[in-house]
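Student: I've got a model open and I'd like to learn how to read it. Can you walk me through it?

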Amino acid sequence: MTPSSPPPAPFLDLNLAPFPKVEPKPEPPDHHPALPGPIDLLDPLHPTPGPSPSPSHDAVDDERAALFAEYLRLARLFAAAAASGDDHHQLSLVTAPTLAPTRAANSSAVVARKKRKIRSADMVRASTLGLRDQLYFRDVVRRTRITFDSLRSLLLRDENKADAFEAIWGKRSRPDLKAATVMGDRDLWLNRDRRIIGAIPGITIGDVFFFRMELCVLGLHGQIQAGIDYVPASRSSTGEPLATSIIVSGGYEDDEDSGLVLVYTGHGGRGPSMFKHCTDQKLEGGNLALERSMNYGIEIRVIRGIKSNLCPIGKIYVYDGLYKIVNCWMDVGKSGFGIYKYKLLRIEGQEEMGSGILKLAEDLKVNPLSMRPAGYLSLDISMGKEKFPVSLFNNIDDDREPLLFEYLSSPVFPVEAFQGKTNADAGNGCECISNCSASCYCAKKNGGEFAYGGHGILLRGKPLIYECGTLCQCPPSCPNRVSQRGMRHQLEVFRSKETGWGVRSLDLIRAGEFVCEFSGIMLTRQQTETLSTKGHCLVHPGQFPGRWVEWGDISDVLPNYVSPNFPCLPGLNFSIDVSRSRNVACYLSHSCSPNVFVQYVLFDHNNVSYPHVMIFAMENIPPLRELSVDYGIGDEPVGKLTM
């Protein structure tokens, strides 16, 4: 095909700090033949008028088909409810008592739904941002992801209860779809008032997502089913469709993916449950948009879907950066039908691909010395004291400092932690024979609910969490025993040019997962005052900001949401001496925009003045990405631990 001379670039080149106010162009309502007229509750983002487009690039994927089928089912339910005028019934999803126990019964601020914002076709590009703006947008994205994860986890916890959720959604509905829909109704989807070309502020190459709907919520890829996201010709300023992102997940037999070079097959030409083609593809919709984007030189965001047993749907999504389309042509596919192929090259100068890092991390766990012949000072500085080895890596200088300390996997508490009135109920424990329920003794100590959901994911941060302990009769498999089981991932202490010593994981860590514990010698207030004058290296737990408040916070959905304030935690006056004995947590670097946070936990004693200092993930943390915590010491970076 011979393209015509391209007109001037159809997007603005703007520095988004913040985005200028852009009035969205009207978007035609979306119709589906199975629905009673237009709906706007979860915009399917198929704006091309006329007959339904051909099956999308990954429509044959079982997860995609199930997701879209579930969406249509929910849309019908909402459309029917809307027709009946029962607005309060629709809204009971997010006003159930389990999500807002302190909500006022008739709060209009809670029940009032916003009209779904129409997705704009106005295109902008984010030019280079300063550090302050990068942190701002990263925090906006993190906040949105916390809301999505927290809402999804709470919905998952309650999905088997006979409450308002079942009345609206049914027992087998998808919590990720529910969470996305509720956030859309509250105008919490990002980048709806502009279509960003290229990199999206706040999203980093290598970021991992466990649910496809999260890509839509963030605006990284706006199609809930189709593999090609594009602005349709009817809404483009040039009168031509323009593509912005694609998802590569092995949905077509003719795809060729070697990482830096990608040959992507256009959409269409096959049945809803077929891997092979059954008819010729057409140069229309997303296919035409990719061809036009090639001619205009528009970079394409590439997200790869990778099979994983870590995700409930069996697949994770990794953002791999920007590619340029360098060629497109019509070819005969392996099934004998005409297909459109697009050759994409990864733009140079970007960070390493997230999918490549995932593969490297897996290889490092199997045979680290074959992947890194030089740099390892120890394959396990814990000497078998942790469930997983803690490696020590330095390929920068001759510093071997972590080898000079005794590795202490658990903290050593002062004697008074197990004595006195503050520990008077230490002899009590639950009497549950099997896993604990919400009516057991330990649940009552936690305010009537357990802190963890499925797979040990923290549902909401609290001032203090009581886990079942040594005096409880429940088995080790009890879901209220999480952090006491030790590390769940293989960590590595490494030398960094930016932060001195740092910590990273060889595993993908899910948001809300337990990471590790701060270990050392626990000192009383009097001991702290004495040793602080002698140059000892001390960590002060009372100095950590209460970032546990952020995890599980759904105040964006429920304005009257109140963070948990029970169990109570008094002021912490003890310190942790890590001058001679320490563990991997002592090498966490400082950040005012951290990806892990401190949560206080009790399980082996009940003295609230000396809780365990546990570390949990604030977001999905890809392998080999440095872990950082907020030490509460301002904006200055911290290399070595000098608290």
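Student: Let's begin inside. Which residues have the most contacts inside the largest nonpolar core?

Tutor: Keep in mind that this is a predicted model. To find a core, look for buried nonpolar residues joined through their side chains. Here the largest one has 45 residues, and Leu151, Ile203, Phe209, Leu220, Ile316 and Tyr319 have the most contacts inside it.

Student: Which elements give two or more residues to this core?

Tutor: They are the helices α4 (131-158), α6 (175-185) and α7 (212-218), plus the strands β4 (208-209) and β10 (315-332).

Student: Okay, on to charges. What's the general idea with salt bridges?

Tutor: Side chains of opposite charge can pair when their charged atoms come close.

Student: How many salt bridges does the structure hold?

Tutor: It holds 32. Take arginine 304 and aspartate 257, whose closest N and O atoms are 2.8 Å apart.

Student: Is arginine 304 buried or exposed?

Tutor: Buried, because its relative accessibility is 5% and the cut-off is under 20%. Aspartate 257, at 40%, counts as partly exposed.

Student: Which parts does the salt bridge of arginine 495 and aspartate 397 tie together?

Tutor: The N to O distance in that one is 3.0 Å. Arginine 495 belongs to strand β16 (residues 491-496), while aspartate 397 is in the loop between β13 (391-393) and β14 (406-407), so the parts being tied are 98 residues apart in sequence. Arginine 495 is buried, with a relative accessible area of 14%, whereas aspartate 397 is partly exposed at 33%.

Student: What about arginine 194 and aspartate 193?

Tutor: Their side chains meet in a salt bridge at 2.6 Å, N to O. Arginine 194 counts as buried at 15% relative accessibility, and aspartate 193 counts as buried at 15% too.

Student: Which residues are linked in a network of salt bridges?

Tutor: Arg138, Asp139, Arg142, Asp207, Glu619 and Arg625.

Student: Now sheets. In what order do the strands of the open sheet run?

Tutor: With a sheet, trace which strand pairs with which. This open sheet has 3 strands in the order β19-β21-β20, with antiparallel pairing. The edge strands β19 (521-523) and β20 (538-539) each have a single partner strand, so one side of each is left without a neighbour in the sheet. Between β19 and β21 (residues 575-577) there are 3 bridges; in one of the pairings, methionine 522 has isoleucine 576 in β21 as its bridge partner.

Student: Which helix packs on the sheet?

Tutor: That's α12 (residues 525-532), which touches β19, β20 and β21. Its direction makes about 105° with that of β19.

Student: Which residues of α9 are buried?

Tutor: Gly354, Ser355, Ile357, Leu358, Ala361 and Leu364. Their cover includes β9, β10, α10 (368-371) and β12 (376-378).

Definitions and conventions
Residues are numbered from 1 along each chain as its sequence is written. This is a predicted model: local features need pLDDT of at least 70, side-chain atom pairs count only at pLDDT 80 or more; totals for chains, interfaces and linings use all residues. Side-chain values use heavy atoms; hydrogens and water are left out. A salt bridge is a side-chain nitrogen of Lys or Arg within 4 Å of a carboxyl oxygen of Asp or Glu. Buried means under 20% relative accessible area, exposed over 50%, partly exposed in between (1.4 Å probe, protein chains only). Helices (H or I, at least four residues) and strands (E, at least two) are DSSP runs, numbered from the N terminus. Two strands pair if DSSP finds at least two bridges between them. Contact means heavy atoms within 4.5 Å. Axes are lines fitted to C-alpha atoms, for helices over the stretch in contact, and angles run from 0 to 180 degrees between N-to-C directions. A nonpolar core is a set of buried Ala, Val, Leu, Ile, Met, Phe, Trp, Tyr and Cys residues joined through side-chain atoms within 4.5 Å.
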